Amino acid sequence: MSDLPRADDCLINAEEKLRTAGIEGPRREARLLLAYHLGCTVERVMAFPEEPVADRQRFDAMIARRAAREPLSHITGLREFWSLDFEVSSHVLDPRPDSETLIEAVLTLSPPADRPLSIVDFGTGSGCLLLTLLSERPLAKGTAVDLSPDALAVAQRNAIRHGLAERCSFIRSNWAENVTGPFDIVISNPPYIESATVLDLEPEVRDHEPHLALDGGADGLVAYRALIPQAFSLLREGGLIALELGMGQAGQVSEILLQSGFSEINTHCDLAGIERCLTARHP
């Protein structure tokens, strides 16, 4: 009989610690972390409660980190997006399901997969948006732009992870300052949270994600005002721009697009019915 603790005993203790810390879904998260610790699936953790757990101290340390509100993805180092695994860290935003709205919009409005495309992603972070589009458009080439060298390093590693590095270039730039076009598609998930509300975010976001990628200025629109006119000058005629939005920003960002010369402005809602993405065309 093994002297090692059983999986179910470890889970009981871990779940209680996470519940006390206010973690939503503590049982699910405890299982995910134990599966990561054991190098197996959650299904195996559930099917074999008697599984011996080696290095209990390491598992307890991961639970303590999560109880301190460090994101699960930062503990495992990965976050899934569009069925792809992306490396994440404190240098980039976690990919979120809401951002798949932008992917769906671009795939719907862009040319067929058998045509070459050039795509530029401003504020690329982990690179999840650009790399997902490149994975869906095998003839496309991408340019990932970010002001943070640490974020660009994460995006480069993700490009290598998914075999897309040869179709992607990386530029450190404050929006389009160091970027030359033309491009067929411009995409961005810019910072759009009002400065005064950043400190009210969940601890996982406020304390562990880069404020450079979160803080959109006093009204949350500073990045849009800077980027949109620059994007217009980088796009080919008929080119597409796709921007992720914060809740309630569609009207104001649409006005910036219109004033910058864009046409065919459309909103796209996420699964919750929230206007999450705007697309527009260069005439």
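Which residue forms a salt bridge with Arg206, and how far apart are the closest N and O atoms? I looked this pair up and found Asp207 as the partner, with the closest N and O atoms 3.0 Å apart; I take a salt bridge to be a side-chain nitrogen of Lys or Arg within 4 Å of a carboxyl oxygen of Asp or Glu.

I note that this is a predicted model, in which local features need pLDDT of at least 70 and side-chain atom pairs count only at pLDDT 80 or more, while totals for chains, interfaces and linings use all residues. Residues are numbered from 1 along each chain as its sequence is written, and side-chain values use heavy atoms, with hydrogens and water left out.

**Entry: accessibility of the pairs.** I used relative accessible area with a 1.4 Å probe on protein chains only, calling a residue buried under 20%, exposed over 50% and partly exposed in between. Arg206 is partly exposed at 26%, and Asp207 is also partly exposed, at 47%. I then checked Glu51, which forms a salt bridge with Arg44 at 3.1 Å between the closest N and O atoms; Glu51 is partly exposed at 22%, and Arg44 is partly exposed at 35%.

**Entry: a pair across the chain.** I found Arg69 in a salt bridge with Glu202, the closest N and O atoms being 3.1 Å apart. This pair links distant parts of the chain, 133 residues apart, with Arg69 in the loop between helix 4 (56-67) and helix 5 (72-76) and Glu202 in the loop between strand 6 (183-188) and helix 9 (203-206). Helices (H or I, at least four residues) and strands (E, at least two) are DSSP runs, numbered from the N terminus. Arg69 counts as buried, at 17% relative accessibility. I count 19 salt bridges in the structure.

**Entry: annotated positions.** From UniProt, in an unreviewed entry, I took the feature "binding site", whose positions include Gly125 and Trp175; positions are in the numbering used here, feature names are shortened, and annotations may be inferred rather than shown by experiment. I located Gly125 in the loop between strand 3 (117-122) and helix 7 (128-136), where Gly125 is buried at 11%. Leaving out residues up to four places away in sequence, Gly125 touches Val92, Asp146, Ala151 and Ala155, a contact being heavy atoms within 4.5 Å. I placed Trp175 in the loop between strand 5 (168-172) and strand 6, and Trp175 counts as buried at 16% relative accessibility. With residues up to four places away in sequence again not counted, Trp175 touches residues including Phe122, Gly123, Val145 and Ser188.
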